[in-house]
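Please read it beside the sequence and the coordinates.

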Amino acid sequence: MNGGLIGMTAYTTPQLIDRFGRTVNYLRISVTDRCDLRCVYCMEEEMQFLPRAQVLTLEEIGFIARAFVELGVQKIRVTGGEPLVRRNIMKLMHELGALPLRELVLTTNGSQLARYAAELKAANVKRINVSLDSLKPDRFRQITRVGDLKVVLAGIEAAREAGFERIKINAVILKNRNHDEVLDLTRFAGDRGMDISFIEEMPLGVNSDHDRAEAYYSSDDIRRDLERHCTLIPTAETTGGPSRYFRIQETGTRVGFISPHSHNFCHLCNRVRLTAEGRLLLCLGQEHSVDLRHVVRAHPGAMEILKQAIRDSMAIKPRGHDFNLAAQPVIFRHMNMTGG
Ligand code: SAM
Ligand code: SF4
């Protein structure tokens, strides 16, 4: 049970149910669109970030998170941009960590983890995902454009020392950039007791770095590569998202495949996303959204009005996404706006 609620019922009954009968109990919050890296599949080299006034304040984010928890959300993931570059982020993490959640989790590029890992654990963060696409310093630099592999590896070590329930590595695999590292990345994670998920690139935002169809390396390709060296045992575990998990017999750790192209997952979708500017996105692959920044700024402190706007948003959650590698992206926001 989380802090502050000892003796109380931990979770509120789910109240967010969409037209297709799916219960929404998972909120992903992008706390900033900014980042200290420029990964080629996520951002352009030169990015125009949001003016500060358009970004939700930490207080507004905390208030919106509380509304969701009162409506039955049990899991919150904090993401970005890079969440740990947001000023005073730990204040928000402590606030979220005191909510009656089943779990508070974080997705980070690891660049600031050496500084923050212990405090994140103290703030009740249960699990963290760290993005790592290569173990070769030059290649890591190429993919992130500016990143330093050493710093991220030190961040991962700090997270291991801090004692999170689980650490997972996320790797976006691109053909001819890093597809030859899937085994090394899997071993790196497995040797350290960490899980790993391989992600197919999604067509979010215009990408001038590479041709997405040409760089596509499917989850099935990755799985075939791994199965030459280790035994993958299918598990029934699901997070209600696009991941399918396997247990690696040799290490006991898990490998997941996030396959928006090759495996449709929308019928299980249990999540919504809050962007840094306060747009509630009902689907990662569609533009349906509700402007919660407008709601909280027009009615400061009015929890019931906010909760009603969130309940009403369920009516526009679409049935599913519509990714198509061959076509131009239909979604023009980059992943840093959305939070992954
Ligand atoms: N900065 C943090 C990080 O990199 O983990 C959190 C935000 S990042 C947008 C969240 C995840 O989205 C990362 O694992 C990243 O690799 C992934 N991602 C970014 N752009 C993507 C794209 N176009 N397709 C698939 N995954 C993407
Ligand atoms: Fe930054 Fe994460 Fe996007 Fe890379 S994937 S540019 S680390 S937000």
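1. Basis of the note. This is a predicted model, in which local features need pLDDT of at least 70 and side-chain atom pairs count only at pLDDT 80 or more, while totals for chains, interfaces and linings use all residues. Residues are numbered from 1 along each chain as its sequence is written, chains are lettered from A and ligands numbered from 1 in the order in which they are written, and side-chain values use heavy atoms, with hydrogens and water left out.

2. Overall fold. The protein has 11 helices and 12 strands, taken as DSSP runs numbered from the N terminus (helices H or I, at least four residues; strands E, at least two). Of its 340 residues, 59% are buried, where buried means under 20% relative accessible area, exposed over 50%, and partly exposed in between, with a 1.4 Å probe and protein chains only. Among contacts (heavy atoms within 4.5 Å) with a separation of 6 or more, 73% join residues 24 or more positions apart.

3. Surroundings of ligand 1. The shell of ligand 1 holds 17 residues, the closest being Tyr41, Gly81, Thr108, Ser131 and Met202; a residue is counted if one of its heavy atoms lies within 4 Å. By class, this shell has six nonpolar, eight polar and three charged residues, where Ala, Val, Leu, Ile, Met, Phe, Trp, Tyr, Cys and Pro count as nonpolar, Asp, Glu, Lys and Arg as charged, and the others, Gly among them, as polar.

4. A nitrogen atom of the ligand lies 2.9 Å from a backbone N or O atom of Tyr41, and a nitrogen atom of the ligand lies 3.0 Å from a backbone N or O atom of Gly81. The side chain of Glu82 brings an N or O atom to 3.2 Å from a nitrogen atom of ligand 1. On its own the ligand has 540 Å² of accessible area, and the protein covers 95% of this. The elements that give two or more residues to the shell are β3 (103–108) and β5 (166–172).

5. The residues around ligand 2 are Cys35, Leu37, Arg38, Cys39, Cys42, Met43, Gly81 and Asn109, and they divide into five nonpolar, two polar and one charged.

6. Helix α3. In α3 (residues 113–122), the buried residues are Leu113, Tyr116, Ala117 and Leu120. They lie on the same side of α3, because they cover an arc of only 130 degrees around the axis, the arc being that of the directions from the helix axis to the C-beta atoms. The face turned away carries the exposed residues Ala114, Arg115, Ala118 and Ala122, whereas the buried residues pack against α2 (89–97), β3, β4 (125–131) and α5.

7. Helix α4. The buried residues of α4 (residues 137–144) are Arg139, Phe140, Ile143 and Thr144. Their arc of only 125 degrees around the axis puts them on the same side of α4, and they pack against α5 (149–162). On the other side, Pro137, Asp138 and Gln142 are exposed.

8. Helix α6. Seven of the 10 residues of α6 (residues 182–191) are buried, so this helix is largely enclosed by the rest of the structure. Its cover includes α5, β5, β6 (195–199), α8 (219–227) and β8 (243–248).

9. Asn88, in the loop between β2 (75–79) and α2, has a positive phi of about 60 degrees although it is not a glycine, and it is exposed at 54% relative accessible area. Asn176, in the loop between β5 and α6, has a positive phi of about 65 degrees, again without being a glycine, and counts as exposed at 65% relative accessibility.

Key
A polar contact is a pair of N or O atoms within 3.5 Å; within protein, one must be able to donate a hydrogen and the other to accept it, and residues adjacent in sequence count only if both atoms are side-chain atoms. Accessible areas come from the Shrake-Rupley method with a 1.4 Å probe; for residues, only the protein chains shown count as cover.
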